[in-house]
Amino acid sequence: RANGAERAQWHKEHAEECRALSRRSKSPEDREMLLNMAATWDSLAESRLKTTERQRRLAKFATADPAPE
């Protein structure tokens with residue numbers, strides 16, 4: 001199973017694929033749709049990175065030694 005960073009990279013690759021397809025498309029409607037799809041993949045990648053970082057911080061916090069009393 002892919003970790004968060006790997007999944008974010010996978011999302012970014014899909015975004016770039018959509019942008020490449022949009023550059024080859026002759027239809028303005030298709031170009032717009034593909035660019036919207038790319039933006040969605042980019043958003044998913046960013047969200048995945050933020051979630052991964054948040055989970056990393058929470059895991060670090062959960063395993064930290066409790067403060068002395």
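Helix H1 passes helix H2 in a left-handed crossing. Keep in mind as you look that this is a predicted model. To find the two helices, follow the numbering: H1 covers residues 4–24 and H2 covers residues 28–63.

How do these two sit against each other? Two packed helices are described by the angle between their axes and the distance between the axes. Here, H1 and H2 pack at an angle of about 165°, with 8 Å between their axes. Angles over 145 degrees count as roughly antiparallel, so that is the label H1 and H2 get. As for what the contact of H1 with H2 is made of, sorting its residues by class gives 14 nonpolar, five polar and six charged ones.

Now let's go to some residues, starting with the aromatic rings. How many aromatic pairs are there? The count comes to one. A pair like this is described by the distance of the ring centres and the angle of the planes. The partners are Trp10 and Trp41, whose ring centres are 5.6 Å apart and whose planes stand at 85°. Planes over 60 degrees apart count as edge-to-face, which is why this pair goes by that name. Trp10 has a relative accessible area of 45%, so it counts as partly exposed.

Next, look at His11, also a residue of helix H1. Is His11 buried or exposed? With a relative accessible area of 9%, His11 is buried, because the cut-off for that word is under 20%. Leaving aside residues up to four places away in sequence, His11 touches Trp41, Leu44, Ala45 and Arg48.

Two more residues are worth a stop. Glu46 is found in helix H2, and its relative accessibility of 42% makes it partly exposed. Between Glu46 and Gln9 there are 37 residues of separation in sequence, while their C-alpha atoms are 9.7 Å apart in space.

Arg23, on the other hand, is in helix H1. At 58% relative accessibility Arg23 counts as exposed, because that term applies over 50%. Arg23 and Leu35 are twelve residues apart in sequence, and from C-alpha to C-alpha the distance is 9.4 Å.

Definitions and conventions. Residues numbered from 1 in each chain as written. Predicted model: local features only at pLDDT ≥ 70, side-chain atom pairs only at ≥ 80, totals over all residues. Heavy atoms only, no water. Phe/Tyr/Trp six-rings, centres within 6.5 Å; stacked < 30°, edge-to-face > 60°. Helix = DSSP H or I, 4+ residues; strand = E, 2+ residues; numbered from the N terminus. Buried < 20%, exposed > 50% of the residue type's maximum accessible area, 1.4 Å probe, protein only. Contact = heavy atoms within 4.5 Å. Axes fitted to C-alpha atoms, helices over the stretch in contact; angles between N-to-C directions. Parallel < 35°, antiparallel > 145°, perpendicular 65-115°, else oblique. Left-handed = near helix turned anticlockwise from the far one by under 90°. Nonpolar A, V, L, I, M, F, W, Y, C, P; charged D, E, K, R; others polar.
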